[in-house]
Amino acid sequence: MMRFSTSVGFALLFAGASAFAADEPAGKAIFDHNCAVCHAAGPGHPGTQRLAQARGPARAVLEQRTDLTPDYIRMVVRKGLIEMPPWRPVEIDDAALAQLVQYLTHGRK
Amino acid sequence: MKQILPQGVGATEFADALQAFRKVVGNEFVYTGEALSGYADPYSIVADDDAHAASAAVAPGSAEQVQAILRAANQYGVPLWPVSCGKNLAYGAAAPRMAGTVVLDLKRMNRILEVSEEDGYALVEPGVSYYDLYNHIQAKGYKLWLDVPDPGWGSVLGNALEHGVGYTPYGDHLAMQCGMEVALPTGELVRTGMGALPDSNTWQLFKYGFGPYLDGMFSQSNFGVVTKMGIWLMPEPPGYRPYMISFQREEDLEQVVDILRPLKVGMVIQNAATIRSLLLVAAVNATRSQYTDKAGPLPDSILRRIMADQDIGMWNIYGALYGPPPVMDTLWTVIRDSFSKVPGAKFYFLEDRKRENDLLIGRADAMRGVPRLSEFSFINWTGGGGHIGFSPVSPIRGKEAMKQYTMVRDRLHEYGFDYMSIFAIGWRELHHVVELLFDRRDPAIKHKAEDVFRLMVREAAAAGYGEYRTHLSFMDDIAATYGWNDHALMKLHQTIKDAVDPKGILAPGKSGIWPARYRRSRP
């Protein structure tokens with residue numbers, strides 16, 4: 001059953017906002033929909049893996065970071081950073097980006 | 001951010017065109033200035049940062065808006081470059097071929113218009129990603145499988161139009177496409193195949209309709225903007241069993257390919273199986289710096305260490321069995337017995353691969369149509385993000401595969417790059433997809449990558465191999481290699497281009513096809 005356990009976990013990451021509890025931060029749904037596939041915790045996430053190599057395991061998982069600033073997040077999302085491609089406003093608009101910034105800076109429960 | 005106007009378009013006409021676009025889609029969906037940063041080629045290989053810079057972007061929400069934008073572009077002579085999800089990252093992403101072109105960003109057109117579980121198809125707009133369609137099918141509980149390429153965030157429609165491939169038995173995406181709606185460059189809307197028959201209920205069931213079959217004309221082309229597309233979906237099979245076979249020696253490639261050909265052509269191997277080189281598999285879970293800090297080709301001793309560390313081969317087949325268990329058992333017996341003739345061949349099922357993030361875990365999802373991005377960890381092998389695909393096509397023959405392998409390997413080593421590749425097996429051909437990694441921050445490395453790429457294109461063509469797809473920067477190079485009979489095919493492309501797009505506004509330079517207005521002074 002190993003093959004199915006992997007895919008079930010993956011599907012949940014992409015299930016969208018409606019699958020989450022109503023009291024979850026709005027930015028979490030944005031993160032889950034757009035970022036988690038590369039930046040979630042655990043193996044199989046290229047962004048997390050790269051950050052572990054470049055910045056060390058303690059700074060590998062974005063949702064566990066406490067050092068990210070709003071300007072930095074906005075810059076990386078809009079302009080990309082080395083391996084990471086930039087995101088267009090039609091993918092993440094400014095309102096959604098603001099929610100994402102809030103979630104990754106101090107909006108997490 | 002400086003603005004680059006399209007060649008031949010004045011500032012006034014350009015401003016008027018943007019105003020016309022705003023009237024169609026609203027101010028918020030026309031992007032200029034800093035908002036264009038997401039339209040840059042993220043892994044540009046050429047020295048000129050502006051080579052593929054957009055002047056603006058416009059994002060329609062419907063086919064009607066696409067038509068209105070095309071009409072305005074004709075009125076003002078402003079070129080447009082359509083992108084669907086814009087995630088074709090190693091080929092230029094959402095950037096246009098010609099600097100100054102306005103990107104026609106179709107991402108907002110993301111409706112899944114229909115999924116038929118009974119007949120096994122979907123009708124989608126360009127902005128529907130594999131994740132979108134996969135999640136929709138899961139949410140509805142349909143017993144249907146997608147076929148996905150490696151980057152799951154790409155467009156279902158866009159990938160088929162770019163001749164993309166996946167890994168289930170439905171892996172040839174354009175072959176599984178059925179029926180299109182196309183906005184022609186002049187703004188007229190056309191439906192192909194049975195879609196041309198009013199009230200037809202077979203648009204997504206029968207590809208050919210009546211008369212010439214035109215759908216392929218809108219793939220890798222600039223003859224129209226595809227606004228809807230049908231794609232066939234595979235009924236969930238009663239059983240599924242992914243497998244991996246590893247081979248220990250470089251020279252095994254020849255025998256492996258010759259064994260594989262009759263199995264694939266005879267459909268004993270049911271899916272779009274792949275043969276992956278050692279370093280491409282290893283790079284998903286390791287970096288070059290773990291093994292050496294020296295430049296140059298990795299010595300055999302290190303290659304053997306990597307093989308031992310990850311329990312992988314110099315070459316590795318990833319395939320899958322589909323169907324009722326007795327059918328899968330029978331097929332596996334034939335496949336296993338066939339490849340057992342290769343000395344040192346090792347056979348694995350998923351339960352045999354216990355390592356965290358083993359590639360077979362990812363392939364097991366991909367070969368049953370579950371979208372992922374996990375394999376893109378391979379770009380971390382050297383770091384620096386840049387990667388580009390060199391993809392010549394050859395017959396499924398061992399000697400041809402070895403010839404391609406040695407040609408490309410030697411050139412890459414000469415220029416200081418590692419060889420990592422996939423041999424993807426189609427119906428009658430091998431796609432030799434070579435991943436060239438480079439540090440996007442290092443101009444000297446980029447220069448070497450560009451040089452070796454152009455050299456490999458020329459050398460492949462001289463040996464009779466053509467690429468099936470390429471990055472924006474190499475479209476003219478590849479098109480020039482398809483030059484039989486004094487470039488008769490390109491002349492036909494140009495004749496069609498001039499007929500359907502007389503003002504030359506749609507995607508100048510796509511696949512090397514330039515409209516008359518730019519043909520003499522190609523930007």
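I count two strands as paired if DSSP finds at least two bridges between them. The model is predicted.

**β8 and β10, chain B.** I looked up how strand β8 (residues 177-183) of chain B is held to strand β10 (residues 225-232) of chain B, and found five bridges between the two, which run antiparallel. I then took B:Q177 and searched for its bridge partner in β10(B), which is B:I231.

**The sheet.** I next traced the strand order in chain B and got β5-β6-β10-β8-β9, an open sheet of five strands with antiparallel pairing. I noted β5 (112-116) and β9 (189-191) of chain B as the edge strands, each of which pairs on one side only. Neighbouring strands of this sheet are turned against each other by 10° on average, with direction ignored.

**Helices on the sheet.** I checked what helix α2 (residues 63-76) of chain B lies across and listed β8, β9 and β10 of chain B. I put the angle between α2(B) and β8(B) at about 45°. I also found α3(B) packing on the sheet, where it touches β5 and β6 (121-124) of chain B. The direction of α3(B) makes about 50° with that of β5(B).

**Chain B against chain A.** I turned to the interface and found 40 residues of chain B in contact with 30 residues of chain A. I asked which helices of chain B each supply at least two residues of the side that touches chain A, and noted α3 (130-140) and α9 (359-366). α9(B) gives the most to that side, with four residues. I sorted the residues of the side of chain B that touches chain A into 18 nonpolar, 13 polar and nine charged.

Key
Residues numbered from 1 in each chain as written. Chains lettered and ligands numbered in written order. Predicted model: local features only at pLDDT ≥ 70, side-chain atom pairs only at ≥ 80, totals over all residues. Contact = placed C-beta atoms within 7 Å. Nonpolar A, V, L, I, M, F, W, Y, C, P; charged D, E, K, R; others polar. Axes fitted to C-alpha atoms, helices over the stretch in contact; angles between N-to-C directions.
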